[in-house]
Amino acid sequence: MTPSFPGQPPPDPAARPPSWAGMAPMNAVHNVDSGLSDAYWRAEDASNKRRERQKWGIPAAAAVLTLNLAGFLTLPLVVSTDTSWVYVLAIMIPSIVAASVAFGISKYRGNGPVVDFGFPTSWSEFGGDVRTGFAWGTAALAGGIVLALVVLAQTDLADQAPLGGLLGIEMPWKVVLAAWVWLGAPFCEEVMFRGMLWGALERRASGPRSGAQGSSPQSSFWSTASGLLGNRWVILIVTAVLFALWHREGWRFVVLLWGGLAIGVARMRSGSVAASATAHSVNNTLPALAILLVA
């Protein structure tokens, strides 16, 4: 049975064929009793609306991520991070600026953040996103703990000193940093990765169709490649890998990759960055607590 979005006619399967929900483990969203079908069709409708007006793509997403990474690399070189508040702001500012630019790009070159990033428009949608995010965030956290224990058992971290830079921070700023790691950073990073990057890759699925009259074998190849890149399962893997690499912590790569996959599934199940941000926040609970406990 194909569910309808509340207040709207049932989606036309010919016009909007399901892109991923029929594939396990996503086929449950077709079941009205699952409570997930409305969210799925909202995501499908938003995806179609997004493609018509979205004028930003991979270059815009790359610019946002580059801006963020450049901020992390350059700020310690131009300001002294010996002071607590400077250290904390140097961690926060690059992500805040990058996320703000992402919002600006969406507003002026797309459909706005609500459509482009799938933000909820009602409390019921918000509740569904939070439930989905909490479930997959718990999976990310639990799996991450197991993987971290395995990695730590085989890795010498004597020269890396995790959290060593926090030893001299005053407690009020540790609280601010912990709140940032728990809530602020997940939101900004999800806008960048599961918002901008995900949306840019998803847009590839609406590129030139292969087999069009007069198309050459080369154009057909690129059309096929473009469609593959726009497949949500490929998007899930690509965003997770880049998310893990972006953190630049070699010893945690496997942990971050698992987290990126679980968080990405929350985005894929709901169609909303709100769900992936919730999952990311749950996943960051232990690091946030660790910051407060560092002596």
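**Exercise 1. Decide whether S270 is buried or exposed, and place S270 in the fold.**

Step 1. Take the cut-offs: buried means under 20% relative accessible area, exposed over 50%, and partly exposed in between (1.4 Å probe, protein chains only).
Step 2. S270 has 2% relative accessibility, so S270 counts as buried.
Step 3. S270 belongs to helix 9 (residues 253–270). Helices (H or I, at least four residues) and strands (E, at least two) are DSSP runs, numbered from the N terminus.
Step 4. A polar atom of the S270 side chain lies 3.1 Å from the backbone nitrogen of S272.

This is a predicted model, with residues numbered from 1 along each chain as its sequence is written. Local features need pLDDT of at least 70, side-chain atom pairs count only at pLDDT 80 or more, totals for chains, interfaces and linings use all residues, and side-chain values use heavy atoms, with hydrogens and water left out.

**Exercise 2. Classify the aromatic pairs F117–F119 and W123–F126.**

Step 1. Apply the rule: rings of Phe, Tyr and Trp (its six-membered ring) pair if their centres lie within 6.5 Å; planes under 30 degrees apart count as stacked, over 60 as edge-to-face and the rest as tilted.
Step 2. The structure holds nine aromatic pairs.
Step 3. In one of them, the ring centres of F117 and F119 are 6.1 Å apart and the planes meet at 85°, so this pair is edge-to-face. Both F117 and F119 are buried.
Step 4. For W123 and F126, the centres are 5.8 Å apart and the planes stand at 85°, so this pair is edge-to-face.
Step 5. W123 and F126 share helix 5 (residues 123–153) and sit three residues apart, about one turn of the helix.
Step 6. Check the exposure. W123 has a relative accessible area of 73%, so W123 is exposed. F126, at 38%, is partly exposed.

**Exercise 3. Find which residues form one aromatic cluster, and which ring the charged end of R194 sits over.**

Step 1. The cluster consists of F72, F193, F243 and W246.
Step 2. R194 has its charged end over the ring of F243, 4.8 Å from the ring centre. The test asks for NZ of Lys or CZ of Arg within 6 Å of the ring centre and within 35 degrees of the ring normal.

**Exercise 4. Describe the surroundings of A90.**

Step 1. A90 lies in helix 3 (residues 84–109).
Step 2. The relative accessible area of A90 is 12%, so A90 is buried.
Step 3. Leaving aside neighbours within four places in sequence, A90 is in contact (heavy atoms within 4.5 Å) with F72, L75 and T81.
Step 4. S80 is ten residues from A90 in sequence and 9.4 Å away in space, C-alpha to C-alpha.

**Exercise 5. Summarise the chain and its confidence.**

Step 1. The protein chain has eleven helices and zero strands.
Step 2. Of its 295 residues, 43% count as buried.
Step 3. Take contacts between residues at least 6 apart in sequence: 78% of them join residues at least 24 apart.
Step 4. The chain averages a pLDDT (the predictor's confidence in each residue, from 0 to 100) of 79, and 69% of the residues score at least 70.
Step 5. Confidence is lowest in helix 7 (residues 217–229), with a mean of 57, and highest in helix 10 (residues 273–283), at 97.
Step 6. Over residues 1–36 the pLDDT stays under 50, and the model has 64 contacts beyond four places in sequence for this stretch.
Step 7. Residues 207–215 are also below 50, with six contacts in the model beyond near neighbours in sequence.

Conventions:
A polar contact is a pair of N or O atoms within 3.5 Å; within protein, one must be able to donate a hydrogen and the other to accept it, and residues adjacent in sequence count only if both atoms are side-chain atoms.
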